[in-house]
Amino acid sequence: MAKYNIAVVVGSVRKDSFNKKLAKAAEKLFPADFSFTTVRIDDLPLYNQDDDGNQSGPVKRLKGEIAAAQGLLFFTPEYNRSFPGVLKNAIDHASRPYGQSAWAGKPAGVIGISVGAIGTAMAQQHLRNVLAYLDVPVLGQPEAFIQAKDGVFNPDGSAGDGIKTFLQSWVNQYVAWVKTHVG
């Protein structure tokens, strides 16, 4: 059994999402003592504080999966210079009611891929700001702003020559980050 279970939160619900592909490619580069739970966010109702006392089944599942994890990986696209609303909705749900955040203290990595030349730089910065408020320690370096282009993924879904060395380095840093925080 893996020692470190990582909750993977992909901020895109699109069927053929680049960020889902990046998450799967990255998972293949981790050591054997890491396992992954891809957290579903597409079935969450819109956050409404009136529901804090009676959270829905999907919200309880989300919070449970995060609580069971030793770390977090956020894969975010960039929509209009920020991260997607569906991701913000999931973050809000799992942080509520106030004082009962499932996110707090979990070491996180933030990464993303987009067709834009600057990748997901703005989205990641906005996401980091939100995570800082929620007491989520986020790996600072290396930053990973990946542009979706030919060579990024191999036909089997693994990291292509265009990113494999960099992605492996990023994964190695994240592994060390988690081990520093979790022990």
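Reply:
**A helix pair and its surroundings**

Helix α2 (residues 57-68) and helix α3 (residues 85-94) have axes that come within 9 Å and cross at roughly 80°. An axis here is a line fitted to C-alpha atoms, for helices over the stretch in contact, and the angle, from 0 to 180 degrees, is taken between N-to-C directions. The helices α2 and α3 are therefore roughly perpendicular to each other; angles under 35 degrees count as roughly parallel, over 145 as roughly antiparallel, 65 to 115 as roughly perpendicular, and the rest as oblique. Helices (H or I, at least four residues) and strands (E, at least two) are DSSP runs numbered from the N terminus.

The model is predicted: local features need pLDDT of at least 70 and side-chain atom pairs pLDDT 80 or more, whereas totals for chains, interfaces and linings use all residues. Residues are numbered from 1 along each chain as its sequence is written, and side-chain values use heavy atoms, with hydrogens and water left out.

Which residues in α2 and α3 meet? From α2 come Val59, Leu62, Lys63 and Ile66, and from α3 come Ala90, His93 and Ala94. Contact means heavy atoms within 4.5 Å. The residues of this contact divide into 5 nonpolar, 1 polar and 1 charged. In this division Ala, Val, Leu, Ile, Met, Phe, Trp, Tyr, Cys and Pro count as nonpolar, Asp, Glu, Lys and Arg as charged, and the others, Gly among them, as polar.

The setting of this pair is the whole chain. Its secondary structure comes to 5 helices and 5 strands, in the pattern β-α-β-α-β-α-β-α-β-α along the sequence. The radius of gyration is 16 Å, close to the 16 Å that the globule rule gives for 183 residues, so the chain is as compact as a globular protein of that length. This radius is taken over C-alpha atoms, and the rule is 2.2 Å times the number of residues to the power 0.38. Of the 183 residues, 46% count as buried, where buried means under 20% relative accessible area, exposed over 50%, and partly exposed in between (1.4 Å probe, protein chains only). Among contacts between residues at least 6 apart in sequence, 78% join residues at least 24 apart.

Ser17 caps the N-terminal end of α1, with a side-chain oxygen 3.1 Å from the backbone nitrogen of Asn19.

Asn5, in strand β1, is buried with a relative accessible area of 17%. The side chain of Asn5 makes a polar contact with that of Ser35 at 3.4 Å, and another of 3.2 Å joins the side chains of Asn5 and Thr37. A polar contact is a pair of N or O atoms within 3.5 Å; within protein, one must be able to donate a hydrogen and the other to accept it, and residues adjacent in sequence count only if both atoms are side-chain atoms. Neighbours within four places in sequence aside, the contacts of Asn5 include Ala68, Ala69, Gln70 and Gly71.

In strand β4 lies Ser114, which is buried at 14% relative accessible area. The side chain of Ser114 reaches the backbone nitrogen of Gly116 at 3.3 Å. Not counting residues up to four places away, Ser114 touches Gly119, Thr120, Ile146, Gln147 and Ala148. Gln124 is found in helix α4 (residues 121-133) and is buried, with a relative accessible area of 1%. Beyond four places in sequence, Gln124 is in contact with Thr76, Val110, Ile111, Gly112, Ala144 and Phe145.
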